[in-house]
Amino acid sequence: MKKIILMGAIALAGLNAQAQDFKTVLEKTFLAFDTTMDMNTKIEQANKLALITKKWDNEWSAHYYAAYSKVNLAYMEKDAAKKDAYLDEADKEKDDAVSLLKKNNDETYVLSAMIANARLGVDPMNRWQKYGGIFKENLESAKELNPDNPRMYYLQGVSKFFTPKAFGGGSKAAMPYLEKAQGLFAKETTTDITKPHWGKGKNEYFMSECKKADKE
């Protein structure tokens, strides 16, 4: 009996170590991706995030961050066809995350909204009606599950920021959403990479841009 208990304890310790190793690798790689604006470095780290999904294929958060990385690459890419290719990859990784969860959660809805927004940005004139609706629907679904998710308001603020004033956008329209997000980011726990908490720095950047625009 003692031998069985000891073997069980060793196995459990091994699983805990593996889980800890996953979180450490994921966090290090994600931070390396998210804190650089160099395209080549971002591509390198995005490829590493993709490799993490191969090693820990049963972890939904690995696929979530791989999808997140592809959306960000799409935003930085200039070629329309390459943008859509990145977003196709993002959709696949997002779908894998949802499949592992067996449902959408507020973060996967936010991710879907982000992908839709990037799709719209490829060809705004021809895509705004389709993807604008998808963007809004996913954020509404996220809000139903968790009205305190700051990334919802961040995405809404950024969307407003880049929308022409004639269509209800601009810095003044964006600011209330960014301020709402700022308050919620301040309350967020940031100690567990498997519970997404990205966006605070980006939100602060757009708030500063809004303030600059108001002074001009």
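User: Which residues does N203 touch, not counting residues up to four places away in sequence?

Analyst: Contact means heavy atoms within 4.5 Å. By that rule N203 touches Y154, L178, A181, Q182 and F185, with residues up to four places away in sequence not counted. N203 itself sits in helix α9 (residues 200-215); helices (H or I, at least four residues) and strands (E, at least two) are DSSP runs, numbered from the N terminus. This is a predicted model, in which local features need pLDDT of at least 70 and side-chain atom pairs count only at pLDDT 80 or more, while totals for chains, interfaces and linings use all residues. Residues are numbered from 1 along each chain as its sequence is written, and side-chain values use heavy atoms, with hydrogens and water left out.

User: Is N203 buried or exposed?

Analyst: Buried means under 20% relative accessible area, exposed over 50%, and partly exposed in between (1.4 Å probe, protein chains only). N203 has 1% relative accessibility, so it counts as buried. S112, in helix α5, is buried too, with a relative accessible area of 10%. Leaving aside neighbours within four places in sequence, S112 is in contact with K94 and N138.

User: How is the packing of two helices described?

Analyst: Two packed helices are described by the angle between their axes and the distance between the axes. The axes are lines fitted to C-alpha atoms, for helices over the stretch in contact, and angles run from 0 to 180 degrees between N-to-C directions. Helix α4 (residues 80-101) and helix α5 (residues 106-122) have axes that come within 10 Å and cross at roughly 165 degrees. That makes α4 roughly antiparallel to α5; angles under 35 degrees count as roughly parallel, over 145 as roughly antiparallel, 65 to 115 as roughly perpendicular and the rest as oblique. Among the residues that meet are K94 and V98 in α4, and S112 and I115 in α5.

User: Which helix does α7 pack against, and at what angle?

Analyst: Helix α7 (residues 150-162) packs against helix α8 (residues 171-187) at an angle of about 160 degrees, with the axes 8 Å apart. α7 is therefore roughly antiparallel to α8. The residues that meet include Y154 and F161 in α7, and L178, A181 and F185 in α8.

User: Where do the buried residues of α2 lie, seen down its axis?

Analyst: An α-helix has 3.6 residues a turn, so residues three or four places apart point the same way. In α2, the buried residues are K42, Q45, A46, L49, I52 and T53. Down the axis of α2 they fall within an arc of 110 degrees, so they line one face of the helix; the arc is that of the directions from the helix axis to the C-beta atoms. The face turned away from the buried side of α2 carries the exposed residues N40, L51, K54 and K55.

User: What does L26 touch, not counting residues up to four places away in sequence?

Analyst: L26, in helix α1 (residues 2-34), touches L49, I52, S61, A62, Y65 and I193, with that exclusion. L26 is buried, at a relative accessible area of 0%. C-alpha to C-alpha, L26 and T194 are 8.6 Å apart in space and 168 residues apart in sequence.

User: How many helices and strands does the protein have?

Analyst: The secondary structure comes to 9 helices and 0 strands. Buried residues make up 42% of the 216 residues.
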